[in-house]
Each structure stands twice: as C-alpha cells, then as structure tokens.
Amino acid sequence: MATEQTFIMVKPDGVQRGLVGEIVGRFEKRGYQLVNAKMVHASQEHLEQHYADLKGKPFFPGLIKYMASGPVFATVWQGKDVVKQGRALLGATNPLASAPGTIRGDFAIDVGRNICHGSDSVESAKKEISLWFGQDGSIPYKRAVDAWIYE
Ligand code: UDP
Ligand code: MG
C-alpha cells in the first residue's frame with residue numbers, strides 16, 4: 001500500500017471549544033491511522049519555526065499570539081494520499097470559504113480562529129512531524145482493519 005504521513009493540529013481555539021474528539025474522529029472515520037498524538041503548550045519560538053514561511057505577513061504576530069495562547073493537540077496521521085485528503089477534510093484556510101461538511105466549514109467563522117492546521121505538502125509534513133515529534137515521528141503498528149479499507 002502506497003502510504004504517506006501528515007501533521008494535523010487542533011489549534012488552541014479547537015481545544016478550548018472541545019473539538020479535539022470531533023476532529024480526531026473525522027480522520028479516524030475516514031479510515032486514516034493515528035500514529036502519534038500529544039498535547040503541547042508551544043513556545044513562541046517553536047511556533048515561529050512552525051510558521052517560518054509566513055514570517056513577514058501582516059497577520060504573523062497575531063497568528064503566533066493566538067497559537068501560543070493555550071495548548072494545541074498535535075497528531076500524525078498515516079494513509080494513502082493523507083496530506084491532500086487531510087487538507088480537504090479541514091476545508092479552506094478561510095472558514096467562510098469552506099464548504100459545509102469540512103471541519104472549518106462546520107465549526108469556524110474567522111480565518112484567525114480556524115481551529116485546525118494541516119500540512120500542505122509531503123515535504124512540509126516531514127518537516128512539521130520532526131519539529132513537533134522529533135526523530136521518532138510516529139509509532140508504527142499494524143491494523144487488522146486495513147484489509148477493510150484498502151483493496
Ligand atoms: N491566517 C490568518 N490570516 C490570513 C491568513 C492566514 O490569520 O489572512 C492564519 C490562519 O490561522 C491560517 C494560518 O495563518 O490557518 C496559516 O496560514 P496558511 O496560509 O498556511 O493557511 P493553512 O495552511 O492553515 O490553511
Ligand atoms: Mg499552511
């Protein structure tokens with residue numbers, strides 16, 4: 001089975017609003033495999049590294065403040081096409097442009113409170129997984145159910 005991994009994070013507003021289970025549940029129900037997870041109250045420096053590509057954007061300081069305002073729930077998911085499919089499950093960056101049925105389209109309104117993060121490419125997923133989880137990255141295990149998800 002061709003497989004890949006992605007980094008999905010419930011942001012501080014998602015944690016505060018009790019949406020961890022809902023977000024994790026959508027990935028589980030789709031059939032993706034949870035291969036790592038933890039709660040972290042990240043430092044500003046760590047978040048500046050995570051969002052390094054956005055340094056210089058007008059919303060950057062507010063983004064870092066928002067992301068450092070409380071704990072996040074960091075997860076790693078594995079499965080076929082999970083990077084692209086993960087982004088589709090989350091919806092558009094701006095929740096107002098996210099279709100109902102997506103996580104942001106169902107639970108968020110403002111772009112600066114869009115409750116979740118997902119890697120935008122296989123390359124950034126690798127970087128993000130190693131930034132948040134270090135060398136270990138993921139905890140591999142066999143799932144009997146895979147035979148019912150993949151043909
Ligand atoms: N963001 C914002 N204002 C903007 C664009 C982005 O506050 O105009 C925030 C938003 O929380 C977004 C994050 O910055 O999720 C990272 O932006 P990116 O363009 O990478 O969007 P994402 O990959 O999260 O969809
Ligand atoms: Mg992004």
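Reply:

**Cavity, pocket and ligand**

The largest cavity is lined by I8, M9, V10, I23, V24, F27, F73, T75 and W77. This is a predicted model, in which local features require pLDDT of at least 70 and side-chain atom pairs pLDDT 80 or more, while totals for chains, interfaces and linings use all residues. Residues are numbered from 1 along each chain as its sequence is written, chains are lettered from A and ligands numbered from 1 in the order in which they are written, and side-chain values use heavy atoms, without hydrogens or water.

A cavity is a set of points, on a 1 Å grid over the protein atoms alone, where a 1.4 Å probe fits but cannot get out; a pocket is an open set with protein on both sides within 12 Å along at least five of seven lines, and lining residues have an atom within 4 Å of a point. Strand 1 (4-10), helix 2 (20-30) and strand 3 (72-79) each give at least two residues to its lining; helices (H or I, at least four residues) and strands (E, at least two) are DSSP runs numbered from the N terminus. By class, this lining holds eight nonpolar residues, one polar and no charged. Here Ala, Val, Leu, Ile, Met, Phe, Trp, Tyr, Cys and Pro count as nonpolar, Asp, Glu, Lys and Arg as charged, and the others, including Gly, as polar.

The largest pocket holds about 690 Å³ of space. Its lining comprises 27 residues, of which H50, Y51, L54, L63 and H117 are the closest to its centre. Helix 7 gives the most to this lining, with four residues. The lining divides into nine nonpolar, 10 polar and eight charged residues.

Among the residues around ligand 1 (a heavy atom within 4 Å) are Y51, L54 and L63. Oxygen atoms of ligand 1 lie 2.9 Å from a side-chain N or O atom of K11, 3.3 Å from one of R104 and 3.2 Å from a polar backbone atom of V111. Taken alone, ligand 1 exposes 500 Å², of which the protein buries 76% (Shrake-Rupley method, 1.4 Å probe).

Notes
Polar contact = N/O pair within 3.5 Å; in protein donor to acceptor, adjacent residues only side chain to side chain. Points joined across faces, edges and corners; volume = space filled by probe spheres on them.
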